[in-house]
Amino acid sequence: MATRPRYIRPLDFKAGRIDMSHGAGGRASAQLIEELFMPAFANEWLAQGHDGATFAPPPELAQGGQLVMATDAHVVSPIFFPGGDLGCLSVHGTINDVAMSGARPLYLSASFIIEEGYPLSDLRRLVQSMAQASHEAGVPIITGDTKVVEQGKGDGVFISTTGVGVTYPGLRIDGRQAQPGDVVFVSGTLGDHGVAVLSQRESLAFETTICSDTAALHTLVADLVAAAGPGLHVLRDPTRGGLATTLNEIAQQSGCGIHIDERALPVAPEVEAACELLGLDPLYVANEGKLIAICAPQAAARVQEALLAHPLGRGAQRIGEVVADAQCFVQMRTRFGGTRMVDWLTGEQLPRIC
Amino acid sequence: MKYVDEFRDGDIARQIAARIHAEARADRVYRFMEFCGGHTHALSRYGVTELLPPQVQMIHGPGCPVCVLPIGRIDLAIELALHRGAIVCTYGDTMRVPASQGLSLIKAKARGGDIRMVYSAADALKLAQATPDREVVFFAIGFETTTPPTALVVQQADRLGVQNFSVLCCHVLTPAAVTHILAAPDAQRDGRVELDGFVGPAHVSIVIGSQPYVPFAEGWHQPVVIAGFEPLDVMQAILMLIRQVNEGRAEVENEFTRAVTPHGNLAAQRLMDEVFEVRDSFEWRGLGEVPHSALKLRERYAAFDAERRFDLHYQPVPDHKACECGAILRGVKRPTDCKLFGTVCTPDNPMGSCMVSSEGACSAEYAYGHARRIPIHAA
């Protein structure tokens, strides 16, 4: 009988599941890389086939730019949610972390921890979603790793990504740069991601049209840098803990206080309604495609213009200002006419019951 | 948002505030207790207190379901999860209430207890049906607001013949707590709070109606105004209370007419009565043993009573010595009177129950008010 040398039956992306051999480093691991990851992420650095990827220094280095590295582990549940999934989230999240340092993202790495028994079809969906996100952003995934853990020791898939970027020469974007008098902008509606994910939780499923805002913000950052230059002081994406927590971080780092106006905060009516129902505060709900920009008052008009001109900044609002305050408090003028503290998020935001 | 924004309108708030300033007499003090944590939360979150004249003082009451839960009750739930192999389901706020030995449900979960946060009692029953090989216990807390849903799932479980579901019932009764505060049996020891009226519960009153408060008006000569949880509701109720005091009246008035009727939700009351009976006595955090103040499952539903099913025995556990939650829940002290407030006791690391829920007096004070209390020194 004729045998076909070196024949390997292709992966079954319909009914197949991940098993321990896919993480053992042998033939099955190689097959997973060859049939899934390589074609999806295809780029010249990955094609080098080494343990690591070698890349040329970016031109900004010669002009005084500095290298930036950021890493982020992604563990969202459920893995697929309205408006996105763990795959594109893991790409956007790290690109945004690099971009918020005032840098142009260059390359990503990705590592997967996959639970034994995870459907190959779902894994392929995730990888394709990552590949699309990386392709659209123009930031290639140039190296990676896969491990498999026994059933019950992971929650489907965890994806960690690391990004490398280079800062825009001559610019210092940093939480410590906020100064009294600076103007605070947010690039769009708050809480969309958190509410979209919550709406799909098993224990809580409710019908909504809210989609996650997950997006890569680096092109918006590039526009802001071009518009405001050194007038741009702080960039931050209000992910976990929401706007409130991020503003408190900035206040702490800069040694200033921040005053915001509740009336100016952009919140979609559906998100506001869902938060009202669940006893959550949109100020503390996660975003994955929004940024906070803090700039000198002289640059405010240009920042606002650049925000509104970009598709991801269309809903931008000027929400407040940085003030001198040795206590570093974030305070909000309420719609009701009073002022209140906006404190750090405590623990996990838990719904109220009564 | 419709039906919400109307009750948070700043201009109307200032108009009501102007009336309050005009009508509150300068030569006396008005001390009103808002019974519910929902009102406490609204007062702090919207800065209502700032809009009141100094002679109108709001005293936080014990109506925060999580706050009044004594340590011993949380210990029972932890016992079920850690040592009896049960899945314990509960409402989110309950997860962080401190229990014995530095534990809380959230910490017990980290030690391997299977503890799940649910949004409704029905989810706990669903979980029991989905995991027939595990015991599922719903840790049921709250006032009359959350009691009817618990009664409903017990009846459902009974009808469906679900064998692995039970309820650790810690439902408490509002009128009994109000009576206890007014009677203040331990006034000698702990001091008694002088009150000029009550802002009556919102959601509780939807279920029980406004009638049960009549004895407080007639017997104790306390004005009561039932109010919704929106800031304008609370302000309007305060104005109505001031008018009652000024005119020497003590009546039950209803500001929350869009939801509360004199007799309440009769179907819900019937349901509660079918499933539950009143306990002889129940320990409240802060108030101590309060007679006839809580519910347990009737004999007919004994199979669904976690206390009987697992042969649990309640052990009272004293609060932290310096914790003033007790006095705060009775309205005798304010959060800032407590030595632990904002120092060792913070929302991140609560020592007492009032620091846990956003409806708790300490937590509300900390989250929204502490900026105004901490003196600012020049750097």
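**Entry 1: chain B, overall**

I began by counting elements in chain B. Its secondary structure comes to 15 helices and 13 strands. I note here that the model is predicted.

I then checked the radius of gyration. A compact globule with 379 residues would have a value near 21 Å, and chain B has 21 Å, so the two agree.

How much of chain B is buried? I found that buried residues make up 53% of its 379 residues.

I also looked at who touches whom along the chain. I took contacts in chain B between residues at least 6 apart in sequence; 76% of these join residues at least 24 apart.

**Entry 2: a sheet in chain B**

I turned to an open sheet in chain B. I traced five strands, in the order S2-S1-S7-S8-S9, and the pairing is parallel.

Which strands sit at the edges? They are strand S2 (56-63) and strand S9 (252-254) of chain B. Each of these pairs on one side only. From one strand to the next, I read an average twist of 25°.

I zoomed in on one pair. Strand S1 of chain B covers residues 30-36, and it pairs with S2(B) in the parallel sense over six bridges. I picked out Arg31(B), which stands opposite Gln57(B) in S2(B).

Then I looked for a helix against this sheet. Helix H2 of chain B, residues 37-45, packs on it. I saw that H2 touches S1, S2 and strand S7 (197-200) of chain B. The direction of H2 makes about 120° with that of S1(B).

**Entry 3: the domains of chain A**

I moved to chain A. It is divided into domain 1 (20-167) and domain 2 (175-341). Taken over C-alpha atoms, the centres of these two domains of chain A are separated by 27 Å.

How many residues make the contact? Domain 1 of chain A gives 19 residues and domain 2 of chain A gives 21 residues.

I then asked what builds the domain 1 side in chain A. Helix H2 (86-99), strand S4 (103-115) and helix H3 (120-137) of chain A each supply at least two residues of it. The largest share comes from H2(A), with seven residues.

Last, I sorted that side of domain 1 of chain A by class. I got 12 nonpolar, six polar and one charged residues.

Key:
Residues are numbered from 1 along each chain as its sequence is written. Chains are lettered from A and ligands numbered from 1 in the order in which they are written. This is a predicted model: local features need pLDDT of at least 70, side-chain atom pairs count only at pLDDT 80 or more; totals for chains, interfaces and linings use all residues. Domain bounds come from an automatic or database domain assignment. Two residues are in contact if their C-beta atoms, placed from the backbone, lie within 7 Å. Helices (H or I, at least four residues) and strands (E, at least two) are DSSP runs, numbered from the N terminus. Ala, Val, Leu, Ile, Met, Phe, Trp, Tyr, Cys and Pro count as nonpolar, Asp, Glu, Lys and Arg as charged, and the others, Gly among them, as polar. The radius of gyration is taken over C-alpha atoms; the globule rule is 2.2 Å times the number of residues to the power 0.38. A residue is buried if 20 or more other C-beta atoms lie within 10 Å of its own, exposed if 12 or fewer, and partly exposed in between; C-beta atoms are placed from the backbone. Two strands pair if DSSP finds at least two bridges between them. Axes are lines fitted to C-alpha atoms, for helices over the stretch in contact, and angles run from 0 to 180 degrees between N-to-C directions.
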